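Hello,

Here is the structure I promised to pass on. Please open it first, then read the notes below.

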Amino acid sequence: MRAPVSGTLERMCPLDCPDTCSLDVTVEEGRVTRIDGNHKNPLTEGYICGKVRAYAEHVYHPTRLLHPLVRELGSKKGAASFRQASWDEALALIAARLRSLRDERGGESILPCYYGGSNGKFTQDSSDAALFRRLGASKMHRGLCAAATTAASVGLYGGMPGIPLPDYAHARLIVVWGTNPHATGIHFVPFVRRAQAAGAKLVVLDPRATKLALASDLHLALRPGTDLPLALALHRWLFETGRADLAFLARHARGADELRRRAAPWTIARAAEVCGLEPQVIERFARLYAETSPAALRCGWGPERNRNGCSAIAAILALPAVAGKFGVRGGGYTMSNGRAFPLNPVVAEPEPATRTINSNQLGRALLEQRDPEIAALFVYNANPLATFPDQERVRRGLAREDLFTVVFDQVMTDSARFADVVLPATTFLEHAELRNGYGALALQYAEASIEPLGEARANYAVFAELIERLGLARPEDDFTPLGMLRTVVGSDEAARALASDGIAFPPCGEHPVQFVDVFPRTSDQKIQLVPASLDAEGEQPLYAYRDDPADARHPLALISPATEKLISSSLGELLTRAQPLSIHPDDAQARGISEGDSVRIWNALGEVVTHAHLDPRLRPGVVQMNKGLWSHHTQNGATANALAPDTLTDRAGGACFNDARVEVARVGS
Ligand SMILES: Nc1nc2c(c(=O)[nH]1)N[C@H]1C(S)=C(S)[C@@H](COP(=O)(O)OP(=O)(O)OC[C@H]3O[C@@H](n4cnc5c(=O)[nH]c(N)nc54)[C@H](O)[C@@H]3O)O[C@H]1N2
Ligand SMILES: Nc1nc2c(c(=O)[nH]1)N[C@H]1C(S)=C(S)[C@@H](COP(=O)(O)OP(=O)(O)OC[C@H]3O[C@@H](n4cnc5c(=O)[nH]c(N)nc54)[C@H](O)[C@@H]3O)O[C@H]1N2
Ligand code: SF4
Ligand SMILES: [Mo]
């Protein structure tokens with residue numbers, strides 16, 4: 001199917017963002033000239049973020065990969081010294097290497113490396129999954145993001161749809177817990193404002209004074225990683241003061257007594273000390289939450305990115321149950337809405353019983369894994385050097401001369417520089433995609449807006465061709481967009497409707513009320529406040545608090561939240577200015593650091609050199625460098641990820657980026 005040459009096309013944005021905007025893409029003579037929001041997905045309300053309005057700059061950027069590339073003979077890994085190759089040569093080379101490794105060392109010597117947050121159903125877990133399953137490759141656990149939040153929300157509620165974001169306008173109290181929607185999901189902000197205009201109160205829990213925190217009635221600037229004791233103290237207080245909704249719990253939940261027992265050690269005074277807050281502030285929050293309805297809790301991903309991540313999210317999501325906040329419009333919680341649609345996977349064949357490597361420990365796996373050693377790494381839908389923890393270890397792993405690395409991407413990323421073969425990928429404007437929102441309650445299908453640039457190809461086509469070349473094709477395979485659409489939605493009729501309308505809403509409708517229209521999708525439709533499987537999984541029981549990892553030599557907590565300029569590391573080529581370390585003026589003064597000074601930030605894992613920005617909105621003791629930075633953003637090419645440990649959350653194998661503990665000094669002092 002050829003893309004139209006001119007016109008304004010109804011499309012959607014599949015980038016890793018809760019909002020999944022519906023777009024108007026204007027194409028003139030085969031070139032994208034304008035991208036804006038429309039109203040098709042109601043959450044979009046006709047506007048979009050600056051990143052996607054300017055997305056054509058990414059599509060047509062000079063660093064865009066337009067042809068396959070093969071590493072120059074004799075050049076060093078990481079030197080980015082490539083020669084242009086044909087698709088036929090590149091794919092023949094890859095297929096030959098994958099085949100010989102599978103035959104000689106076993107399929108587990110091959111590791112696919114992806115996260116796929118900006119990819120929909122067509123470009124992640126489609127023909128790529130079929131290829132790697134049929135090769136018997138090692139599997140990758142997607143631990144980078146949402147592993148802990150998913151385990152907690154599925155464990156407690158079976159992935160029940162959350163409060164639709166527009167329904168926050170009906171709340172009398174909004175709790176924004178560890179998310180910064182001004183950067184990470186802008187369409188939520190107006191609903192908060194509308195509620196506030198109608199008299200609702202706003203509470204924000206974040207170590208930084210975000211824009212929403214500055215506009216809030218109560219800001220709890222807790223220490224990073226201490227959400228768990230705070231939430232447990234709220235539970236204890238609710239039970240102790242007779243404000244727990246025992247009738248609701250008896251009817252709709254299991255494990256309330258056990259949760260109460262596990263929360264018992266956490267008095268407000270003790271939590272206040274651990275969280276670094278005044279006890280009165282926590283008590284004020286507790287009262288406000290207990291006494292106000294409807295109360296809506298928007299939980300973000302900030303609380304999951306540390307050693308207590310999974311327990312913390314579970315304890316937070318248990319609050320509306322214990323406080324009896326469900327059953328009214330604007331009451332309950334929202335985490336991810338990614339499970340609102342019952343959808344089939346593109347590839348249903350079972351995963352082989354091969355080993356699983358956690359993406360958070362990629363560097364360690366590349367350097368230390370044996371029996372068999374990882375001999376081929378196939379990177380796509382990810383930029384591991386920029387986004388995975390323990391960057392120096394990842395770098396040493398990618399620098400292995402005996403590792404065969406393929407990087408399939410749209411632009412020359414830091415990771416792609418380490419490849420043996422680079423493959424050029426299409427952007428969402430050049431391929432078809434099907435995307436299920438994780439904030440928006442909508443499923444959207446969009447065809448390509450323009451022809452692929454240069455020789456760029458879509459994931460589904462490239463992996464399907466590798467399947468063919470390796471002789472792994474099966475008669476039932478259909479990795480064409482319409483074939484995959486049919487598989488995912490389950491019938492020709494539903495596929496035709498989606499292909500012509502471009503959008504569908506979930507069976508629960510656009511405005512479900514929790515415990516009226518939607519219920520827990522657990523086996524008995526009850527909330528599991530202490531899910532047995534989660535409880536059994538960790539080294540310690542669920543809700544056991546693990547202490548701050550700081551030591552005397554590394555006293556500062558380094559957090560790396562999202563910036564409005566990037567999506568994870570995507571679009572990093574467009575951000576050309578150096579990026580700072582943000583530090584509180586008190587912490588700066590104690591170290592003789594002034595605005596703009598070059599500073600060294602280090603711990604046992606690595607070191608970053610960049611300039612300092614003094615920011616009084618940070619909690620003292622907390623420093624910040626944004627997530628997703630590239631090597632060109634700092635003076636020594638290292639980023640926050642060089643300081644992020646490859647340790648895991650208490651269960652679910654999640655990332656602990658915000659457990660980085662560091663010291664900072666002025667360069668030259
Ligand atoms: N512009 C833009 N939008 C994005 C992204 C992006 O990179 N750029 N990324 C997308 C992706 S992949 C995701 S997962 C989402 C993430 O969306 P958010 O949940 O908003 O994620 P973060 O920016 O990582 O963190 C949110 C807030 O948590 C705070 N925080 C850090 N540690 C803690 C803690 O221990 N407890 C509490 N309570 N707060 C803490 C941070 O200061 C930050 O303000 O956004 C998506 N949207
Ligand atoms: N320090 C720190 N690091 C973090 C985090 C943090 O909080 N702190 N948070 C993490 C989070 S929330 C996430 S989700 C991860 C994300 O980590 P990654 O998944 O690595 O995310 P991106 O940086 O967006 O990388 C996606 C890459 O895939 C490419 N790509 C996009 N679409 C396609 C396609 O169709 N085909 C192919 N072949 N390539 C494509 C993009 O160009 C981009 O280079 O990062 C994590 N990294
Ligand atoms: S990144 Fe988010 S806000 Fe921006 S266009 Fe895409 S879905 Fe909308
Ligand atoms: Mo993420």
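**Ligand 3 and its shell**

By class, the shell around ligand 3 holds 6 nonpolar, 2 polar and 1 charged residues. The classes work like this: Ala, Val, Leu, Ile, Met, Phe, Trp, Tyr, Cys and Pro are nonpolar, Asp, Glu, Lys and Arg are charged, and the others, Gly among them, are polar. The residues in question are C13, C17, D19, T20, C21, I48, C49, V52 and H187. A residue counts as near if one of its heavy atoms lies within 4 Å of the molecule.

**Ground rules**

This is a predicted model: local features need pLDDT of at least 70, side-chain atom pairs count only at pLDDT 80 or more, and totals for chains, interfaces and linings use all residues. Residues are numbered from 1 along each chain as its sequence is written, chains are lettered from A and ligands numbered from 1 in the order in which they are written, and side-chain values use heavy atoms, with hydrogens and water left out.

**Domains**

The chain is divided into domain 1 (7-59), domain 2 (148-337 + 513-537) and domain 3 (556-666). These bounds come from an automatic or database domain assignment. The C-alpha centres of domain 1 and domain 2 are 33 Å apart. Their contact (heavy atoms within 4.5 Å) takes 11 residues from domain 1 and 11 residues from domain 2.

Domain 1 and domain 2 bury about 820 Å² between them, 59% of it on carbon and sulfur atoms. Buried area is the accessible area (1.4 Å probe) that two parts lose on being put together, summed over both.

The count between domain 1 and domain 2 is 1 salt bridge. The term means a side-chain nitrogen of Lys or Arg within 4 Å of a carboxyl oxygen of Asp or Glu. E45 and R194 form a salt bridge, with their closest N and O atoms 3.1 Å apart. On the side of domain 1 that touches domain 2, the residues divide into 7 nonpolar, 1 polar and 3 charged.

**Ligand 1**

Where does ligand 1 lie? Domain 2 (148-337 + 513-537) and domain 3 (556-666) both give residues to its shell, so ligand 1 lies between them. Of the 35 residues around ligand 1, D206, R208, D227, L566 and S568 come nearest. The shell divides into 15 nonpolar, 12 polar and 8 charged residues.

Now the polar contacts. Each is a pair of N or O atoms within 3.5 Å; within protein, one must be able to donate a hydrogen and the other to accept it, and residues adjacent in sequence count only if both atoms are side-chain atoms. A backbone N or O atom of L566 lies 2.5 Å from a nitrogen atom of ligand 1. A polar backbone atom of N180 is 2.9 Å from an oxygen atom of ligand 1. Taken alone, ligand 1 exposes 910 Å², and the protein buries 98% of that. Accessible areas come from the Shrake-Rupley method with a 1.4 Å probe; for residues, only the protein chains shown count as cover.

**Ligand 2**

Of the 27 residues around ligand 2, T387, D409, N459, S569 and S570 come nearest. A polar side-chain atom of R305 lies 3.3 Å from an oxygen atom of ligand 2. Taken alone, ligand 2 exposes 920 Å², of which the protein buries 96%.

Best wishes
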